[in-house]
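This briefing looks at how the parts of one protein model meet, first within a chain and then between chains. Please keep the sequence and the structure at hand while reading.

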Amino acid sequence: MDKLLLLGDEAVAQGAIDAGLSGVYAYPGTPSTEITEYIQASKEAKGRNIVSDWSANEKTAMETAIGMSYAGKKALVCMKHVGLNVAADAFVNSAMTGAHGGLVVVSADDPSMHSSQNEQDSRFYGKFAQIPVLEPSNQQEAYDMTRYAFDLSEKYGTPVMLRLTTRLSHSRAGIIRKEMKEQNKMSLPSDLKQFVLLPAIARKRYNTLLAKQDAFAEEGIQSENNILIDGKDKSMGIIASGIAYNYLLENFPGETIPYPVLKISQYPVSKKVIKSLYDQVESILVLEEGYPIIEEGLRGILDEGKTIKGRMDDTLPMAGELNPRKVRKALGMETPEGYAIPEILEGRPPLLCDGCPHWDSFGALNEALTSYSKGRVLSDIGCYTLSALPPLNSINSCVDMGASITMAIGAAEAGLVPAVAAIGDSTFTHSGMTGLLDAVNKKAPITVLLMDNATTGMTGGQDSAGFGKLENIILGLGVEQEHVRVINPLRRHHDDNVNVFKEELAFEGVSVIIARRECIQTLARRMKQKHAKKETAAS
Amino acid sequence: MKKDIILAGVGGQGILTIATIIGTAALSEGLQLKQAEVHGMSQRGGDVQSHLRISSDPIASDLIAEASADMIISVEPMESLRYFNMLNTETGWLVSSMNPFKNISNYPVVEDILTEIWKLPRYVTLDADKIAKEQGTVKAANIVVLGAAVPFLGLKYSSFEDAIRKIFGRKGTYLVEVNLNALKAGYDFTQEKLAKSKV
């Protein structure tokens, strides 16, 4: 077969299709979005009726996938690392129910926080749930390990996590496909109470999960995902996991690495394989992308064994992603210096697009708030978070999906009246609706600016779950009709919009101002497609 | 054969198109490649870069090591400064457009930026917007910059032409022609510069 040039994300997607997938469930989030998008665009996936529309959030995605697994089919769940926090309840408990049809959870971490609010390491979640975690180091492994993950999941009746990091997710390389497997037929678990986590059953299930742990560790050796590569120089051994292995190789171009190397791409890691390295070397250097999970385990609490080097002793910095140079330094090799970066260079942070409706929404809000003291706008996660930067300087928080409304309630209850919540349409249906119900029940004096641009903009314009339903949702949650206002965020309506904000800020109860105008990016794309269609029709 | 290339610019300026063309050309010559891209939030008018690695041997890292890039190709002058530390000081070439993209209030004086670039031992700077306009559209400025970089990439010129035909083909013959001309104009610019420096 020809090589396909695929992003790491796309390699996972193709691997899942070829493994006999029946459904992918996801909420968009950088760097995981392209997995689902690839399946949505795949003709093969369409031909196989693979379900691939977006879920309202990561928790609903995870639960839907558990449901598909219960009914015997293979399901993939994809999210960014912080999305796993949202899905955590379902995720951790899926380890207890176990899987029937293959169940694979992809969590894409973002060390160095290129597009995220933290750099949490999903491997800890895998360990927490006590399920196998796979960590590919390149695009081919991403493809192969996705297929393997489904096999492993069905062999042990367990969900399996696949952990990616930004540089693998968003880097392209050639991959070789293998044969396409059949999809599963619907079937139910032989024990119809397996998924009922009543305490009496959960206790049994937990013992079942615990009993699998040794086999999980042994699988990492059998699969050769954890493999010891011999080296002559025993003064140091190296443990390299996931993508860190590439950075190690990069520093020995065309030559063999002189030290014994343990390449780790599967967890839990067998004690046996660690010991086979430990016993033959004087010290160990641990290279891992993310938190020092292997290193911490190796040191133990007392850290009285052989010398261990890694992130915890500053051989490598604790924060930020690895790269070839950092690894080279850790190896004690000379690092060449490039040209100095000229001092006149300025930063160029991302900006809201020209013509973006958020400019006008915040322009009006800023003006309406001039008569109040500063610091009243609790915001959320989306393109509009960029309004924190000059020239708008509009918002005062961005914590997690949906936190704008609930934080506004808390701030209002502390005396900050009026408090404003600024949230986008997709974030609102992801995690804002329940908070709005709280606000209604408490009659909290908050004003919600709901920016409805009819898409999930920041991740590239995916469908928004609440499209066309927002007023009904808001009214259904109990916001009074006269305090649900709709404005058109355009410069020519600026004065009218300021007045609407002023009126609702003055109201001591819950009001929702829907600022409705399509995202300029999706609009431009739509116009282009329309234009292209016309041209085709004309010719 | 191995070329490590940093592509630099501002979100929306078309550096991924350059990467795709070089990648397609490299694959057509049977080379391996890895290409790390920037997706997500920073695409919105912020600085973007791509690490493109092509080689006749397997490539390990998705990221290029500091001080080891064979080339910086930048479609914006200030953005080329951001990656000075990546360039190999013994062999590396910098090819950059001289046309600033000013979407920040503290954008430096353009002459100062060019002065910094011109301190390097190996560079090509060109008015890519003007050259692109002469070929029909300023939108092809990124392809002009690519053309100017072609002499240093170690691939056949015809491979780039074929790549452009393949990538722009479905968008119509006009776009193919414009981009082929833009590629040629950039290529000629560098060839002239190299010829002069030999005299």
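A salt bridge is counted here where a side-chain nitrogen of Lys or Arg lies within 4 Å of a carboxyl oxygen of Asp or Glu. By that rule A:Glu321 forms a salt bridge with A:Arg167, with 2.9 Å between the closest N and O atoms. The model is predicted, and chain A is divided into domain 1 (3–178 + 199–211), domain 2 (227–330) and domain 3 (357–523).

**Domain 1 and domain 2 of chain A**

- Taken over C-alpha atoms, the centres of domain 1 of chain A and domain 2 of chain A are 26 Å apart, and the contact takes 25 residues from domain 1 and 23 residues from domain 2.
- About 1,800 Å² is buried between domain 1 of chain A and domain 2 of chain A, and 50% of that area is on carbon and sulfur atoms.
- On the side of domain 1 of chain A, the residues that lose the most area to domain 2 are A:Arg123, A:Glu135 and A:Ser137, which together account for 31% of what that side buries.
- Across this interface between domain 1 and domain 2 of chain A there are 3 salt bridges, and 16 residue pairs are in polar contact, both residues being at pLDDT 80 or more.
- Two or more residues of the domain 1 side come from each of α6 (123–129), β5 (133–134), α7 (139–156), β6 (160–165) and α8 (166–169) of chain A, and α7(A) gives the most, with 4 residues.
- By class, the side of domain 1 of chain A that touches domain 2 comprises 11 nonpolar, 6 polar and 8 charged residues.

**Chain A and chain B**

- The contact between the chains involves 47 residues of chain A and 48 residues of chain B, and the area buried between them is about 4,000 Å², with carbon and sulfur atoms giving 58%.
- In chain A, the residues that lose the most area to chain B are A:Tyr339, A:Ile344 and A:Arg348, together 24% of what that side buries.
- Between chain A and chain B there are 5 salt bridges, and A:Arg348 forms a salt bridge with B:Glu79, where the closest N and O atoms are 2.6 Å apart.
- The chains also share 19 residue pairs in polar contact, both residues being at pLDDT 80 or more, while β1 (3–7), β7 (171–176), α11 (244–250) and α14 (324–330) of chain A each supply at least two residues of the side that touches chain B.
- That side of chain A divides into 22 nonpolar, 16 polar and 9 charged residues.

**Strand pairing between the chains**

- β7(A) pairs with strand β2 (residues 32–36) of chain B in the antiparallel sense, over 3 bridges, and A:Ser171 stands opposite B:Ala36 in β2(B).

Definitions and conventions:
Residues are numbered from 1 along each chain as its sequence is written. Chains are lettered from A and ligands numbered from 1 in the order in which they are written. This is a predicted model: local features need pLDDT of at least 70, side-chain atom pairs count only at pLDDT 80 or more; totals for chains, interfaces and linings use all residues. Side-chain values use heavy atoms; hydrogens and water are left out. Domain bounds come from an automatic or database domain assignment. Contact means heavy atoms within 4.5 Å. Buried area is the accessible area (1.4 Å probe) that two parts lose on being put together, summed over both. A polar contact is a pair of N or O atoms within 3.5 Å; within protein, one must be able to donate a hydrogen and the other to accept it, and residues adjacent in sequence count only if both atoms are side-chain atoms. Ala, Val, Leu, Ile, Met, Phe, Trp, Tyr, Cys and Pro count as nonpolar, Asp, Glu, Lys and Arg as charged, and the others, Gly among them, as polar. Two strands pair if DSSP finds at least two bridges between them.
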